[in-house]
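Subject: Structure handover

Hello,

Here is the structure I promised to pass on. Please open it alongside this note; my findings follow below.

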Amino acid sequence: MPRPRFMDPTDRGLSTFGQEALPALYRHRLLTAGQLTQLLRPAATSTRYIRRQLEVMYDRGLVDASVRRTSRAGELLWYTTPLGCEVVETGGELAPRAYRMTSEAAASQLQEHTLAVNELGLAFVRHARLLEDECGPLDWNPEVAHRVRDGDSRLGDEAFLVPDAVLQYVHTTPAGDGQQQRMLLTFFCEIDRATMSIARLAAKLHAYARYARYVPQPAPGRGRPKAATGYRREAWRARYPAFPRILLVLDGASPAQLARRTDDLRALAAADTRLQPAAQDLRAGVTTLDQLRRHGPLAPIVTPVFGDPTPADALLRPSPAASAA
């Protein structure tokens with residue numbers, strides 16, 4: 001007997017948790033029960049309730065699971081099925097995406113990279129709660145394509161910049177007289193698990209530099225080109241109020257090895273004459289996933305890629321102690 005089709009997201013018989021979890025799984029592709037617990041039920045002391053709810057959703061054909069390749073205990077990684085994707089897309093809470101997780105992709109060697117991206121997002125969420133800032137379960141979005149070159153091209157080629165994630169964060173600071181100042185921050189996030197060369201990591205900076213200066217041109221035969229008076233604007237201005245900060249997050253090696261990779265990346269960026277004009281456009285910093293988890297994005301855990309290596313926070317503000325020295 002075929003599974004029922006839950007076309008109406010308000011009548012799908014899911015628990016409150018299920019209605020929260022399904023969009024999170026749809027957006028973030030692969031999550032462990034532990035990650036879902038931290039994300040949606042941070043006060044819980046175990047994953048038992050979440051695992052029971054996931055089993056209910058599995059029985060209804062909304063989610064499926066794959067065994068984590070690196071887990072001896074057979075830890076499960078959860079993702080939405082085609083039916084689960086249909087429910088989320090019908091609900092209209094999230095924009096539909098062309099990419100859908102499959103059983104083959106869920107079992108592939110990309111598991112750890114996907115989980116690391118989600119650990120990055122979770123670190124922001126956890127520390128936003130502590131600081132009374134805002135960053136929620138759906139506030140990072142993996143692999144959002146940004147065109148950096150005109151012409152007909154396929155997704156994934158050099159005509160597109162595709163960050164590992166685009167993350168939104170609202171930071172609140174006192175503004176005097178009992179008022180608060182709210183800053184909407186956007187980050188382009190990249191995860192490197194010590195699997196790529198420093199040259200390849202630096203090449204990502206070239207893609208961001210191209211995007212910072214990319215001005216779309218009209219297709220041939222579709223109107224006259226605008227006068228060279230600055231009428232046309234950079235493409236990013238249609239999506240973001242300011243050019244996002246770039247956060248390169250390292251993992252997968254010892255702290256000493258990751259420190260050397262940070263130094264090598266800074267040295268390569270400083271020696272790359274093609275990147276020097278871009279340095280004034282890009283606010284880019286490097287940290288580690290471990291530091292981000294333990295201290296949060298607003299601690300002095302980030303080393304700027306360009307210029308002075310004084311430790312800064314994810315906003316690339318030097319720490320007060322460093323500024324006073």
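Which residues have the most contacts inside the largest nonpolar core? They are L120, F124, L167 and F187, in a core of 49 residues. Helix α6 (residues 111–131) supplies the largest share of this core, with eight residues. In soluble globular proteins, nonpolar side chains tend to be buried together.

One caution before the rest: this is a predicted model.

F124 deserves a look of its own. Beyond its neighbours within four places in sequence, F124 is in contact with C135, L167, Y169, F187, L247, L292 and P297. Two of these partners, L167 and F187, are also on the list of residues with the most contacts inside the largest core.

Now the overall picture. The chain has 325 residues, and 46% of them count as buried. It is built with ten helices and eleven strands. Take the contacts between residues at least 6 apart in sequence: 61% of them join residues at least 24 apart. The accessible surface comes to about 17,100 Å², and carbon and sulfur atoms account for 51% of that.

The largest share, seven residues, is from α7. By class, the lining has 24 nonpolar, eleven polar and 13 charged residues.

The second largest pocket has a volume of about 280 Å³. It is lined by 16 residues; P255, L258, A259, T288 and Q291 lie nearest its centre. Two or more lining residues come from each of α8 (255–271), β10 (284–288) and α9 (289–295). Of these, α8 gives the most, with five. The classes here are six nonpolar, six polar and four charged.

How many cavities of 30 Å³ or more does the structure hold? The count is one. About 50 Å³ of space lies in the largest cavity. L25, Y26, R29, Y79, T80, C85, Y99, R100 and M101 line it. Both α1 (16–28) and β3 (76–80) give two or more residues to that lining. Six of the lining residues are nonpolar, one is polar and two are charged.

Best wishes

Methods. Residues are numbered from 1 along each chain as its sequence is written. This is a predicted model: local features need pLDDT of at least 70, side-chain atom pairs count only at pLDDT 80 or more; totals for chains, interfaces and linings use all residues. Side-chain values use heavy atoms; hydrogens and water are left out. Helices (H or I, at least four residues) and strands (E, at least two) are DSSP runs, numbered from the N terminus. Buried means under 20% relative accessible area, exposed over 50%, partly exposed in between (1.4 Å probe, protein chains only). Contact means heavy atoms within 4.5 Å. Accessible areas come from the Shrake-Rupley method with a 1.4 Å probe; for residues, only the protein chains shown count as cover. A nonpolar core is a set of buried Ala, Val, Leu, Ile, Met, Phe, Trp, Tyr and Cys residues joined through side-chain atoms within 4.5 Å. On a 1 Å grid over the protein atoms alone, a cavity is a set of points where a 1.4 Å probe fits but cannot get out, and a pocket is an open set with protein on both sides within 12 Å along at least five of seven lines; lining residues have an atom within 4 Å of a point. Grid points are joined across faces, edges and corners, and a volume is the space filled by probe spheres set on the points. Ala, Val, Leu, Ile, Met, Phe, Trp, Tyr, Cys and Pro count as nonpolar, Asp, Glu, Lys and Arg as charged, and the others, Gly among them, as polar.
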